[in-house]
Amino acid sequence: MSTPDLTPVDATGSTDTVTLSRADLQRITDACDRAAAGEFEARIVGLASHPSLSGLARSINQLLDLSDAFVREAAAAMRQCGSDRFHRPVLLRGMPGAFRHSARTINQAGRKMRQSSESLSYVATLAAENATNVSSVAAACEELNASGTEIARQAQDSSKQGHEVVETVGAAEGAVRQLSDAAEKVGRIIRVITTIAEQTHMLALNATIEAARAGEAGRGFAVVAREVKELSRNAAEATDQIVKQVERMHANVDEVVGHIKSVDAAVEHMAQSASAISQSVSEQVAATREISANIASVTQNSQQVSRSIGSVKGSDGTESAA
Amino acid sequence: MENASNQRNSGDSLMRRPTVQPTGREVTFGEDELIVSKTDLAGVVTYANDVFLRVSGYSEVEIIGKPHNIIRHPDMPRTVFKLLWDTIQSGEEIFAYVVNLAKNGDHYWVFAHVTPSVDAHGAVVGYHSSRRVPYPDALPKVRALYKTLCDIERSQPDPRSALEAGTRAVHETLAAKRCDYSQFVFSLSERTAMDLSV
């Protein structure tokens with residue numbers, strides 16, 4: 001077996017000769033080649049007590065150990081972060097120089113990821129709360145809609161009934177006016193009767209005078225004239241009473257007409273109010289429908305937010321395994 | 001090379017439990033150092049770095065080809081090693097505080113990071129352990145827990161039920177703390193969390 005010579009120069013500038021077997025050289029070269037290919041499993045074993053190569057073997061092994069440890073740690077720490085687990089930093093202890101610097105950078109990224117994840121979780125909680133609130137608002141809107149529709153229906157009924165009452169009251173007013181007209185006619189008839197009674201009285205007076213002038217022959221006639229005078233006086237008294245009754249009737253009819261007018265005004269007012277209620281409630285129902293439509297879109301948006309958060313939070317092991 | 005050939009000739013020495021008696025003396029290593037070793041799938045040491053050799057007191061020829069439990073300290077609960085092997089055999093990493101036994105009976109505490117080594121096709125070809133100086137604020141808690149586990153194991157009639165009882169105790173501890181093992185081991189020291197905030 002031939003042994004190639006390595007001729008290093010030490011710090012003092014002097015040179016000495018190190019001998020190594022081709023097999024040892026090959027092992028060192030292999031370990032370095034594998035590391036260069038990104039594979040840190042190889043180590044140089046068996047040269048720890050070699051008089052001149054132990055230092056070289058130790059240095060190469062140290063380099064491999066650090067690279068190996070760093071790669072394992074960095075990958076594991078990031079895999080945990082990818083699963084929303086942020087308790088595991090790349091440990092800085094034992095990591096020198098650029099390894100330490102990179103470990104710090106990874107840990108800072110992990111901290112950022114944790115903050116983002118926490119914010120996302122918070123947003124997810126809010127979105128879930130929103131969804132709950134929105135669905136109770138939607139339920140309330142539906143109830144409001146139903147009761148609004150019912151009120152509108154009842155208000156329309158009231159309005160219709162009001163109009164019917166107004167018509168009835170109008171008819172009653174007409175009937176009362178006819179009554180008033182009839183009383184007027186009775187009054188006119190009474191005046192005719194009164195005139196007849198007065199004229200009858202005058203005739204009775206004249207008959208009495210003529211009877212007196214006729215003397216004994218007119219005595220029987222005088223009795224008839226007295227009876228006629230008595231009848232006309234009775235007729236005059238009766239008509240006086242009728243006149244008083246008719247006047248009272250007039251007063252009553254006027255009072256009734258007044259009451260009917262008040263009722264008419266009140267019912268008209270009620271019918272107007274019912275119409276106004278019906279109108280307002282219709283507007284409320286329309287507004288509630290609009291709210292319902294908006295809530296449906298809000299619900300859709302919250303669901304979208306929840307789904308998006310779910311998909312971000314769910315992408316863990318499967319992706320990192322690839 | 002003479003020692004190595006002796007070891008290989010005496011085949012049964014591979015499996016023989018070490019008979020080192022603990023001295024109770026603690027040795028340490030540098031905060032900037034890593035103790036590194038690799039084993040094959042059966043736990044036989046295939047590599048130990050110079051810090052490993054210096055702290056454990058074994059020479060490279062003494063340790064290569066030996067089962068890794070040559071440095072196992074009697075104060076270590078077997079439950080912890082079961083958890084460790086179960087975890088790495090499932091392809092996951094594990095961190096554990098471990099007290100190891102040096103060749104001369106001294107002991108040294110480490111914070112070990114054990115991971116499976118995979119080849120280009122993703123197949124596990126061995127295991128790798130990097131050990132750091134442990135964080136001092138974690139050690140009192142770890143010592144108390146390990147003592148409890150050892151007591152539980154010793155109270156059982158046979159090794160199998162000892163492991164079952166120990167594992168149950170670990171699960172109960174984790175359930176009480178509402179976390180998994182990884183979160184638990186990182187919660188033992190403030191320092192590990194500080195690495196996240198520097």
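In chain B, strands β4(B) and β5(B) run antiparallel and are joined by eight bridges; two strands are taken as paired if DSSP finds at least two bridges between them. This is a predicted model, in which local features need pLDDT of at least 70 and side-chain atom pairs count only at pLDDT 80 or more, whereas totals for chains, interfaces and linings use all residues. Residues are numbered from 1 along each chain as its sequence is written, chains are lettered from A and ligands numbered from 1 in the order in which they are written, and side-chain values use heavy atoms, with hydrogens and water left out.

Within the pairing of these two strands, B:Val118 has B:Val124 of β5(B) as its bridge partner. The strands form a hairpin with five residues between them, and B:Gly122 in the turn has a positive phi of about 85 degrees. β4(B) also pairs with strand β3 (residues 94-101) of chain B, again in the antiparallel sense and over eight bridges. There, B:Asn100 stands opposite B:Tyr108 in β4(B). A hairpin with five residues between the strands is likewise formed by β3(B) and β4(B), and B:Gly105 in its turn has a positive phi of about 95 degrees. Eleven of the twelve residues of β4(B) are buried, so this strand is largely enclosed by the rest of the structure. Buried here means under 20% relative accessible area, exposed means over 50%, and partly exposed lies in between (1.4 Å probe, protein chains only).

From the N terminus on, the order is α-β-β-α-α-α-β-β-β-α-α-α-α. Of the 198 residues in chain B, 49% are buried. A contact requires heavy atoms within 4.5 Å; among the contacts in chain B with a separation of 6 or more, 57% are between residues 24 or more positions apart.

B:Ser189, in the loop between α7 and α8 of chain B, is buried, with a relative accessible area of 3%. Its side chain makes a polar contact with the side chain of B:Asp137 at 2.8 Å. A polar contact is a pair of N or O atoms within 3.5 Å; within protein, one must be able to donate a hydrogen and the other to accept it, and residues adjacent in sequence count only if both atoms are side-chain atoms. Leaving aside neighbours within four places in sequence, B:Ser189 is in contact with B:Tyr97, B:Tyr135, B:Asp137 and B:Ala138. B:Pro159, by contrast, is found in helix α6 (residues 159-177) of chain B and counts as exposed at 52% relative accessibility. Its C-alpha atom is separated by 9.0 Å from that of B:Arg78, 81 residues apart along the chain.

The account now turns to the interface. Here 36 residues of chain B are in contact with 35 residues of chain A. The two chains bury about 3,000 Å² between them, 52% of it on carbon and sulfur atoms; this area is the accessible area (1.4 Å probe) lost on putting the two parts together, summed over both. Seven salt bridges are found across the interface, each a side-chain nitrogen of Lys or Arg within 4 Å of a carboxyl oxygen of Asp or Glu. One of them joins A:Arg88 to B:Glu93, with the closest N and O atoms 2.6 Å apart.

How values were computed
Helix = DSSP H or I, 4+ residues; strand = E, 2+ residues; numbered from the N terminus.
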